[in-house]
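Here is a friendly walk through the structure, for someone meeting it now. Keep the view open as you read, and follow the points in order.

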2 protein chains.
Amino acid sequence: MLQRMPAEPGMREDEVETPALILDLDAFEANLDAMAARLAPTGAKLRAHAKTHKSPVIARLQMARGAVGQCVQKVAEAEILAWGGVDDILVSNEVVSPRKLARLAALSGIARVAVCADDPAAIPLIEEAAEAAGRRLSVLVEIDVGAGRCGVAPGPEAVALAGRIAASPHLRFGGLQAYHGKAQHLRTPEERAGAIRHAAEATRRTLEQLRQQGLDCPIVGGAGTGSFPLELESGLWTEIQAGSYAFMDADYARNDAPPPFRQSLFVLAQVMSAPKGSGRAVVDAGHKALPTDSGTPLVHGRPGLCYGRPSDEHGTITAEDAALPAIGEKLRLVPGHCDPTVDRFDWYVGVRDGRVECLWPVAARGAMG
Amino acid sequence: MLQRMPAEPGMREDEVETPALILDLDAFEANLDAMAARLAPTGAKLRAHAKTHKSPVIARLQMARGAVGQCVQKVAEAEILAWGGVDDILVSNEVVSPRKLARLAALSGIARVAVCADDPAAIPLIEEAAEAAGRRLSVLVEIDVGAGRCGVAPGPEAVALAGRIAASPHLRFGGLQAYHGKAQHLRTPEERAGAIRHAAEATRRTLEQLRQQGLDCPIVGGAGTGSFPLELESGLWTEIQAGSYAFMDADYARNDAPPPFRQSLFVLAQVMSAPKGSGRAVVDAGHKALPTDSGTPLVHGRPGLCYGRPSDEHGTITAEDAALPAIGEKLRLVPGHCDPTVDRFDWYVGVRDGRVECLWPVAARGAMG
């Protein structure tokens, strides 16, 4: 349940016990600064997505650089952030469990919290939780801008739902959630631009109809690392929900014209077997350390080495025009997808100049409820 | 880091907070009994694999039915089991980190522990840890019987390694680890039989050569849920390392002539969005709850419903000749692969006759080090 700390400050990186989640602090800080610099001249704010990092420490570092708050996907993540000092949290997702809504309403005593809705059936549940807690909760309407997952249809349906929220005594219409996650992983810039153009049209139309009904829309939230310059360009989004920009991953690196951030997140693994004459080395990190939903990890800084054939606790390293690593060697692997990878670990090991500088808890690891 | 308990004994299953790991206790106990009955008339013992269940409670239930001990893949798993009352543990994997070997040697004060080796370079490391702790450690030689992962070549290389272990003052040659994991997921019985026939030939040859060198081989370990009747048939294996038999999963169900065990493990998920006219319902369990390395989960007991398009925290339910579930409904999903799925949760929710009977900790969750 609780994982042992894999390192102590002052250790060399090669002394860290494996598998471990390594954060290259120089690259990480450069990413936070780059995003802050990118957003500063626009009207838009960063509401960084904590489903990526699951860490109040990282959330506060983002907010120290101007982020307006954090998004989460789950009430349990909101709790961990609020308890860790984050005072403005949007659950950018639907919540329909009365117990979870009661937890969210209770949390609004120590932080500004908001939640999304995409169905009239959810409104009385949220109203009831807010009333029972004696609070007023902010509710955003999620519109489906092309992702084909959650969300009401843009236009009249969304406006009707906003009106219903605004008319609920303990609720406040918080704005629109207009997120097109799928668009970020379209491979060419043209495909991504087309998808976000479509999302922007739907959002603009809905905003106009809200205005016609006299409904003020304080927030338009959405966008992620793979598409946010396009959302910014439209001038419609007021809050950008990027998360991965802080870490990056192997999948974003496969996009044409990938986002301008550095790889800062790695899984450190150790070679624990290298059968003689087999042409392979085997490391101690497999499915349980490195989810493969977006492809297998890359071997960092060791050209010619390739990670493949993961099983639960093993991965196989093969070499092309390179020497295989020996038993005991440690390798930095670039996760295929940072979000579920971070969620496998209790500790970030922060490294600078080859030495461990800090350990930060992945405090919301496993917070799925 | 620590997850909230999703239920309390006495609750109805539909009151359990989602996502949650549900253990159908009737099916689970039937599986444990079926395996015990299957092994009783053979000379082989069960050394159940705890990398599947990660629970000292389940380990002790298996041992109460005759299992001789447990296997684990990681030292951290061995620690959790030993601290939870399991007194005979094999790390069925190579360990080459001096710190981890020191932890393993220290553990031998409260449990019988053994570890595998597949390289002469590892022997002085294990010897040093055993000597420093003032213990004698049992070391098995892992031979590659066809999996193409870890393991020395069967025959002379394996015998030389066994001799080296036997000659180390603080080590004892514990036997052979002969595991062909890949064979279990070959789709037809003929392919599986061919692979294990090959593994048995390699094992028999190595045993004969060990005997010729006067090396006693106390244990031959290996086999898993998908192949163990074949290993039993050979008469060579003394310890069967099945793990999944207790739970089963969607992937084993895709084999022709799948193993004769019942599905006992589920992830309970809730519908949190069902966009009008979209033909889909969206549940609150995605990659972070249901790893897809062996395919997507099945919807249990609801013919016509299909789970697909997982993202980090969402899955999409579609329907064919069936009504879509409504917002708030809870569904049992059958994991594609039980081992990494169990590793996502801190709690088993044990259910019988529709009511929560017990909560057991997944105590070694995340124990990767």
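1. B:P19 sits in the segment before strand 1 (20-24) of chain B. The peptide bond that joins B:T18 and B:P19 is cis, with omega about -10 degrees. Chain A has a cis bond to look at too, between A:T18 and A:P19, and omega there is about -10 degrees. A:P19 lies in the segment before strand 1 (20-24) of chain A.

2. A word on confidence: please remember that this is a predicted model. Chain A averages a pLDDT of 96, and 100% of its residues score at least 70. For the model, ipTM is 0.96 and pTM is 0.97.

3. How do the chains relate to each other? Chain B is superposed on chain A by a rotation of 180 degrees with 0.0 Å of shift along the axis, at an RMSD of 0.0 Å. This is the relation of a two-fold axis. The same surface serves both copies, since 99% of the contact residues of chain B recur in chain A.

4. Next, find the barrel in chain A. Eight strands close into it in the order 2-3-4-5-6-7-8-9, and the pairing is parallel. One pair to trace is strand 3 (residues 69-72) with strand 4 (residues 88-94) of chain A, which are parallel and share three bridges. Within that pair, A:V72 has A:V91 in strand 4 as its bridge partner.

5. Which residues cover its two faces? B:G69 and B:C71 lie on one side, B:Q70 and B:V72 on the other, and all of them are buried. On one hand, strand 3 of chain B runs parallel to strand 2 (residues 45-49), joined by three bridges; here B:R47 has B:G69 as its partner. On the other hand, strand 3 of chain B runs parallel to strand 4 (residues 88-94), again through three bridges, and B:Q70 is partnered by B:I89.

6. Now for the cysteines. How many disulfides does the structure hold? Over all chains there are zero. A:C217 is in none, as the nearest cysteine sulfur, that of A:C116, is 12 Å away. A:C217 counts as buried because its relative accessibility is 18%, under the 20% cut-off. For B:C306, the closest cysteine sulfur belongs to A:C150 and is 17 Å away, which is too far for a bond. B:C306 is partly exposed, with a relative accessible area of 43%.

7. Two backbone angles deserve a glance. A:D321 is not a glycine, yet its phi is positive, at about 55 degrees. This residue is in the loop between strand 14 (315-319) and strand 15 (330-334) of chain A, and A:D321 is exposed, with a relative accessible area of 83%. B:R309, also a residue other than glycine, has a positive phi near 50 degrees. You will find B:R309 in the loop between strand 13 (305-308) and strand 14 (315-319) of chain B; its relative accessible area of 46% makes it partly exposed.

8. Finally, an annotation. An unreviewed UniProt entry places the feature "domain: D-serine dehydratase-like" at residues 264-352 of chain A. Over residues 264-352 the chain is 6% helix and 38% strand, and the end C-alpha atoms lie 11 Å apart.

Terms used:
Residues are numbered from 1 along each chain as its sequence is written. Chains are lettered from A and ligands numbered from 1 in the order in which they are written. This is a predicted model: local features need pLDDT of at least 70, side-chain atom pairs count only at pLDDT 80 or more; totals for chains, interfaces and linings use all residues. Side-chain values use heavy atoms; hydrogens and water are left out. pLDDT is the predictor's confidence in each residue, from 0 to 100. UniProt positions are given in the numbering used here, feature names are shortened, and annotations may be inferred rather than shown by experiment. Helices (H or I, at least four residues) and strands (E, at least two) are DSSP runs, numbered from the N terminus. Two strands pair if DSSP finds at least two bridges between them. A disulfide is a pair of cysteine sulfur atoms within 2.5 Å. Buried means under 20% relative accessible area, exposed over 50%, partly exposed in between (1.4 Å probe, protein chains only). Copies are superposed by least squares on the C-alpha atoms of residues with pLDDT of at least 70 in both. Contact means heavy atoms within 4.5 Å.
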